[in-house]
Amino acid sequence: KIVTYYEADKKEPWVYRWLGIEGRNVEKCFENGGLTAENAVVKADKKTCDVMKKILDRCQDEEGSFEINSLVYEFLHTIGAKKSLAKTKTNSEIYVEKAKAYIHICLHRRLRVDEVSKYLNIDRSYLTALFKKAEGISPQQYIIQEKMKTACEYLLSTDYDVSHIAHSVGYEDLFVFSHAFTKVVGVSPSAYRRNLSPKK
């Protein structure tokens, strides 16, 4: 643990909001935005502040947990976008990064590759070629993979039933979700939860 001390100016004190985030790759997400133990300050623009306010507002609503997760990804993306602008990157890298960020923001709903390519204003086949070169899989496979990773987290960290979790990652049909989950993970959602949930 690192002990840190802050003191506000007496004449112009801070107005601040506090948000705690934990989960898979959170540290890497912050590093992508330039935030490290050695460099722990980044200037937040209006968009970043607006997203954080939405998160804190939704925290008051017990039914808003899935939306909060989506907003957290958007919050991390707004921070990471600042560093991305400062680095020299190829158009291909930028397209893939923006596509992945957009996909993570939209994990809670149904999402088609056409929508992602339209968001980036590039052809679907071009996006697919870029994705396969950078990630080794197609955008569609990436979308499904990330949805299933998120579903795994929900299965282990919540008591929501499988149909609720299916809906939370954009699947209206429980059978379609279960089939996709089993194909990616290797076992059914129920078996995954039963076998890997901490014993109480």
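A salt bridge here is a side-chain nitrogen of Lys or Arg within 4 Å of a carboxyl oxygen of Asp or Glu. With that rule in hand, welcome to a set of close-up views. This is a predicted model, in which local features need pLDDT of at least 70 and side-chain atom pairs count only at pLDDT 80 or more, while totals for chains, interfaces and linings use all residues. Residues are numbered from 1 along each chain as its sequence is written, and side-chain values use heavy atoms, with hydrogens and water left out.

Figure 1. Helices (H or I, at least four residues) and strands (E, at least two) are DSSP runs, numbered from the N terminus. Buried residues make up 34% of the 200 residues in the chain; buried means under 20% relative accessible area, exposed over 50%, and partly exposed in between (1.4 Å probe, protein chains only). The average pLDDT, the predictor's confidence in each residue from 0 to 100, is 82 for the chain, and 76% of the residues score at least 70. Confidence is lowest in helix α3 (residues 65-86), with a mean of 68, and highest in helix α9 (residues 174-185), at 96. Where pLDDT is low, the predicted coordinates should not be read in detail.

**Figure 2. Glu 135 and Lys 100 meet through their side chains in a salt bridge.** The N to O distance is 3.1 Å. Glu 135 lies in helix α6 and Lys 100 in helix α4, so this pair ties together parts that are 35 residues apart in sequence. Both ends are partly exposed: Glu 135 has a relative accessible area of 33%, and Lys 100 has 24%. By the same rule, the count comes to five salt bridges.

**Figure 3. Helix α4 spans residues 91-105.** Its 15 residues reach 21 Å from the first C-alpha to the last, close to the 21 Å expected at 1.5 Å a residue; that expected span is 1.5 Å times one less than the number of residues. Which residues of α4 are buried? They are Val 96, Ala 99, Ala 101, Tyr 102, Ile 103, His 104 and Ile 105.

**Figure 4. Asp 114 forms a salt bridge with Arg 124.** Their closest N and O atoms are 3.2 Å apart. The pair links distant parts of the chain, with Asp 114 in helix α5 (residues 113-120) and Arg 124 in helix α6, ten residues apart. Asp 114 is partly exposed at 35% relative accessibility, and Arg 124 is partly exposed at 38%.

**Figure 5. Lys 149 and Glu 146 pair up within helix α7.** Their side chains meet in a salt bridge at 3.3 Å, N to O. Being three residues apart, Lys 149 and Glu 146 are separated by about one helical turn. Is Glu 146 buried or exposed? Glu 146 is buried, with a relative accessible area of 5%, whereas Lys 149 is partly exposed at 34%.

**Figure 6. Lys 132 lies in helix α6 (residues 124-135).** Lys 132 is partly exposed, with a relative accessible area of 48%. Leaving aside residues up to four places away in sequence, Lys 132 touches Ile 137 and Ser 138, where contact means heavy atoms within 4.5 Å. Ser 138 sits in the loop between α6 and α7 (139-157) and is buried, at 11% relative accessible area. With the same exclusion, Ser 138 touches Thr 128, Phe 131 and Lys 132.
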